[in-house]
Amino acid sequence: MSFVISQKQYLAPTEERIQYEPFIIDDTGFEVEKIDVNFGHPLYTTVADIFYIKSVREYPQILPIVPDGCMSMVFRNHEGEISGYICGVIDEIRKLEIKPHEKFIFIRFIPGAGYALIDGGANSITNKSVSLKDDIPWGEQMLSVLERETELSERIRLISKQIRVHMRMEQDKYLVRYCTDRIFQSQGNIKVEKLAEETGFTSRHIGKMFDRCVGISPKLYSQIIRMQASMDRIIEDRETLLVDIAVDCGFFDHAHMNRTYRKLLRCSSGEFRKFMFKRLPYDKIENYISI
């Protein structure tokens, strides 16, 4: 028992913020604004990012939602009517259908953090969403904040304070933080057996903890982080061969990277580089907000 206690003390983070910034679609059909989450922000060590997105087209659009390992809180403003949702981790690409000039706020929690807001494990809403108004006791109070006539940044800060108050302290907080950070730092290239060796917990315990706290297995989370890293490279570096990006990001080869892309994004890495998400079969892709 003393060994386990010492391991948990060793795993306790210094509450620094991990610099995980998941992919955001960059398209001329949307106005996107990232909200600063600086030191001192109520959710500084809890969220990956916060951003505002608005359709600037006169016709409906589809926003692809890419797997990122994050639970999200999403607020929708359609002609002044505000609704809110907590969305679980997704295991493949989803779509968000956006009406003309519709506005959204996304608060994406660092993997393994958002589950402290809901009853039951994170796996209870994997690939699902729940209504803040109907399913969360304090949700309606949060929606009322967004109806105030104050600056967007101020409303988001007030919402962030409410979220901080309602987040439960969980016994596996330090373990999940350590494991998700290690996977992120390795770009998805560390085995669960190595995590077990470093933490003193069994692979089975870590797998169960991921299921409950993250909503997916450590293997799938690693695949998602590896894919996110390769997407950044593909977007930033148009000249490097895809096979070189694949190897640099920890895939066995280009074919291995393509299998991951087809599984998670419904396209190959080459199609992603050339077309982004413009040619996806959206009629066969499920909605992100599934209420």
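Which residues gather in a patch of negative charge on the surface? In this predicted model, the patch is formed by Asp-134, Asp-135, Glu-140 and Glu-147. One of these residues, Glu-140, belongs to helix α3, which runs over residues 139-146.

Charged side chains were also examined for pairing. Side chains of opposite charge can pair when their charged atoms come close. With a cut-off of 4 Å between a side-chain nitrogen of Lys or Arg and a carboxyl oxygen of Asp or Glu, the count of salt bridges comes to 15.

The largest pocket holds about 350 Å³ of space. Its lining consists of 16 residues, and those nearest the centre of the pocket are Gly-188, Ile-190, Lys-191, Lys-219 and Arg-226. Two or more residues of this lining are given by each of the elements α6 (192-199) and α8 (218-236). Helix α8 gives the most to the lining of the largest pocket, with 5 residues.

For the largest cavity, the volume is about 130 Å³. A set of 13 residues lines the largest cavity, and Phe-23, Phe-51, Pro-64, Ile-65 and Arg-108 are the closest to its centre. Strands β3 (61-65) and β7 (103-109) each supply at least two residues of the lining of this cavity. The largest share comes from β3, which provides 3 residues.

Key: Residues numbered from 1 in each chain as written. Predicted model: local features only at pLDDT ≥ 70, side-chain atom pairs only at ≥ 80, totals over all residues. Heavy atoms only, no water. Patch = residues over 30% accessible without salt bridge, like charges linked within 9 Å, V, L, I, M, F, W, Y side chains within 5 Å. Areas by Shrake-Rupley, 256 points an atom, 1.4 Å probe, with all protein chains shown as cover. Lys, Arg positive; Asp, Glu negative; His and termini not counted. Charge placed at Lys NZ, Arg CZ, Asp CG, Glu CD. Helix = DSSP H or I, 4+ residues; strand = E, 2+ residues; numbered from the N terminus. 1 Å grid on protein atoms, 1.4 Å probe; cavity = no way out; pocket = protein on both sides within 12 Å on 5 of 7 lines; lining within 4 Å. Points joined across faces, edges and corners; volume = space filled by probe spheres on them.
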